[in-house]
Amino acid sequence: MEFPSQLVERAVEEISRLPGIGKKTALRLALHLLKQPEDATFELSSALKELRENIKYCKTCHIIADTEECTCQNAYRDTSVICVVEDTPDVLAIRNTGQYNGLFHVLGGRISPMDGIGPENVKIDSLISRIKSDDQVKEVILALSATMEGDTTSFYITKLLKESGIKVTTIARGIPVGSELEFADEVTLGRSITTRTLFSQD
Amino acid sequence: MILKGLKLTSFKNHPESSFEFGERINCVLGKNGVGKTNLLDAIYYLSFTKSAVGSQDRLAITHDERAFTLFGTYEELTIAIQFEKGKVKTLKIDGQEPERLSDVIGKVPLVIVLPDDTSMIKEGSEERRKFFDGALSQFDGEYLKSLLKYNKVLKQRNSLLKIEDGRSLNKKLLETYDDQLIPLAVDISNKRQEMKEVFLPFLQKNYADLHEGGEVPGLNFKTHVTEGFEGRFKANAQKDQIMQRTLMGSHKDDFEFLLDGELIKKFGSQGQQKTFIIALKLALYDFLKEKTGKKPLLLLDDIFDKLDDSRIELLVSLLLDHDRFQQIFITDARKDRSKVLFKKEKEVNFIEL
């Protein structure tokens, strides 16, 4: 793509680095900003700059936050259970269900030596020491992706926690609510049959 | 299965071609380099989403084009494949995109015979494993899933063994991979063992049909995955660590090809090797027909080459068996030969490229 201005070209170059954005969309966004009042652009750039400079990760649970002491220590929370997830969006998704009021632990990725990610590159050590130093914790829920890498990470954490005697659970895998049984893939269906639950009316 | 029509766009040396096929024997004629094998490869692509000759997707695109498209109309379904440079391959079965590309495997069972198939005899164990894996995958979707997962776990385990930065190997993580790998290996190698048992009679019958010399073909399945595999596999961890890869497992299985109990690789003549391969492929045909209840497509590329006249006649008379075979695709660079061989047969459809 050829640009009439080097300034535009540079902006397009930077914007198109973002995931899901190609050159054309980047150009549209850049030109849109130029049509808006100057302030709109400055607000955006300062918001991004501040985000980058001031963002913190909670020391305990590694959730993205404004301070290193995030709301995870909030008195309303159930501090006896920790839910282990891969990334921040997973925390939000689980919170939005309204079904969970416990603590979180964000690993920041999953084990995959192929991609150069070993256990030391995700927050597993910190999870173990957190559990060992806090005797209030009675249960760890593993809520990781149902992929081979997610499973490996779950198995590994379970192995490390074996001696501690703490209860380790994993989220159920099965048929999505509102979907037809005949369209479910065999692995999921098979798993939901073997891990079936008691039917209750409530 | 019957492939009624095929459209190729920018696929290898077919910029824009469209074919209609007969229900029985389709004889593709033309000089070297006009795209006979590529036509067969396109049919193979629709069954397996990849090339039969092992070329990469981007090399299948016509020079100077951006994408290729294949559209096959079968009696019961349609399959379309599109690949654009720098994008992921898309597949549609009856216009719907399945969850995984591998979902198409087995929809249209297919057996292909290529001129360089004798490399299966000469080369290492990988080619032979591929043959039997392909056979199993076409009727056992669970096998294919186990195999794909096995390969993924193996790749991760090998990457872990390769990490060299002074730190000692993470034993617990290695165990995590072992615990996933071992049951998969047991599953895969057991199924291969069963496959060998079931397949052997098919091979022996077909070899006898093609050759009256009285030699008996055999298969010998070699694997690490037998009684006590788990213990031996775990005991081997240190060697794995030194070699930085996994030395034991299903990925080392081998199917040895034998003739009268001897390795055909070492003792078989060229003719015996070629006969063995054709018998192997026809056995696969019979095997898949029995297992899937469908008549697979049979693709024969340049099969008459290197065979003497009596063998060719024998082979042609086998192929004319209506009850056994349905749709067949044959390529031949020598037009006159094929026209003579099939001159009596009404159901032969000649396609001249």
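The structure is a predicted model, in which local features need pLDDT of at least 70, side-chain atom pairs count only at pLDDT 80 or more, and totals for chains, interfaces and linings use all residues. Residues are numbered from 1 along each chain as its sequence is written, chains are lettered from A in the order in which they are written, and side-chain values use heavy atoms, with hydrogens and water left out.

**Interface of chain B and chain A**

- The contact (heavy atoms within 4.5 Å) involves 18 residues of chain A and 20 residues of chain B.
- The size of an interface is often given as the accessible area lost when the parts come together.
- Here the buried area (accessible area, 1.4 Å probe, that two parts lose on being put together, summed over both) is about 1,700 Å², and carbon and sulfur atoms give 60% of it.
- Three salt bridges (a side-chain nitrogen of Lys or Arg within 4 Å of a carboxyl oxygen of Asp or Glu) are counted between the chains.
- Lys159(A) and Glu175(B) form a salt bridge through their side chains, at 3.1 Å from N to O.
- On the side of chain B that touches chain A, helix H4 (141–162) and helix H5 (171–210) each supply at least two residues; helices here are DSSP runs of H or I with at least four residues, numbered from the N terminus.
- H4(B) gives the largest share of that side, nine residues.
- By class, that side has ten charged residues (Asp, Glu, Lys and Arg), five polar and five nonpolar; Ala, Val, Leu, Ile, Met, Phe, Trp, Tyr, Cys and Pro count as nonpolar, and the others, Gly among them, as polar.

**Cavities**

- A cavity is a set of points on a 1 Å grid, over the protein atoms alone, where a 1.4 Å probe fits but cannot get out.
- There are two cavities of 30 Å³ or more.

**Largest pocket**

- A pocket is an open set of points with protein on both sides within 12 Å along at least five of seven lines.
- The largest pocket holds about 1,400 Å³ of space.
- Of the 43 residues lining the largest pocket, Tyr44(B), Lys50(B), Lys130(B), Phe131(B) and Gly134(B) lie nearest its centre.
- H3(B) gives the largest share of the lining, nine residues.
- The lining has 19 nonpolar, twelve polar and twelve charged residues.

How values were computed: 1 Å grid on protein atoms, 1.4 Å probe; cavity = no way out; pocket = protein on both sides within 12 Å on 5 of 7 lines; lining within 4 Å. Points joined across faces, edges and corners; volume = space filled by probe spheres on them.
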